[in-house]
Amino acid sequence: MESRLEELRDKEVISITDGTRFGYVGDLVIDLDSGQVRRIVVPGPARFFGLFGRGEDAVFRWESVRRFGSDIVLVEGEPERIRPRREKRKWF
């Protein structure tokens with residue numbers, strides 16, 4: 001099965017262990033040397049309508065992905081949490 005990143009962004013990430021809905025795929029971490037996908041990144045929730053940035057991102061190892069559906073990605077286990085990158089603000 002082949003899929004483009006654009007198609008993956010429309011899929012919601014759900015845990016098969018407890019049914020937790022983490023959000024939608026935002027990014028992939030790819031090892032450029034081997035060409036393999038290493039992690040799936042789900043952006044954290046927006047804080048106060050996005051004015052105060054976002055919460056922590058949920059990062060899942062590729063090995064924890066169990067199944068791809070037409071509109072969901074089923075994962076097993078807990079995500080690794082990382083802080084989102086700080087965006088540079090433009091004041092003009």
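In what order do the elements of the chain run from the N terminus on? Colour the chain by secondary structure and follow along: the order is α-β-β-β-β-β-β-β-β, which comes to one helix and eight strands. Keep in mind that this is a predicted model.

**The whole chain.** Of the 92 residues in the chain, 27% are buried.

**Stop one: Lys11.** Select Lys11, in the loop between α1 (5-8) and β1 (12-15). Is Lys11 buried or exposed? Lys11 is buried, yet has no salt bridge. The nearest side chain of opposite charge is that of Glu7, 6.6 Å away, and a salt bridge would need the charged atoms within 4 Å. Now look at where the Lys11 side chain goes: it reaches the backbone oxygen of Gly69 at 2.7 Å. Show the neighbours too; Lys11 touches several residues, including Tyr24, Phe68 and Ile72.

**Stop two: the aromatic pairs.** The structure holds two aromatic pairs. Begin with Phe22 and Phe60, an edge-to-face pair with 4.9 Å from centre to centre and 70 degrees between the planes. Phe22 lies in strand β2 (residues 21-24) and Phe60 in strand β5 (residues 57-61), so the pair ties together parts that are 38 residues apart in sequence. Phe22 counts as buried at 19% relative accessibility, and Phe60 is buried at 1%.

Next, select Trp62 and Phe68. Their ring centres are 5.8 Å apart and their planes meet at 40 degrees, so this pair is tilted. Trp62 is partly exposed, with a relative accessible area of 32%, and Phe68 is partly exposed at 25%.

Terms used:
Residues are numbered from 1 along each chain as its sequence is written. This is a predicted model: local features need pLDDT of at least 70, side-chain atom pairs count only at pLDDT 80 or more; totals for chains, interfaces and linings use all residues. Side-chain values use heavy atoms; hydrogens and water are left out. Helices (H or I, at least four residues) and strands (E, at least two) are DSSP runs, numbered from the N terminus. Buried means under 20% relative accessible area, exposed over 50%, partly exposed in between (1.4 Å probe, protein chains only). Lys and Arg count as positive and Asp and Glu as negative; His and the chain ends are not counted. A polar contact is a pair of N or O atoms within 3.5 Å; within protein, one must be able to donate a hydrogen and the other to accept it, and residues adjacent in sequence count only if both atoms are side-chain atoms. Contact means heavy atoms within 4.5 Å. Rings of Phe, Tyr and Trp (its six-membered ring) pair if their centres lie within 6.5 Å; planes under 30 degrees apart count as stacked, over 60 as edge-to-face and the rest as tilted. Lists of a residue's contacts leave out its neighbours within four places in sequence.
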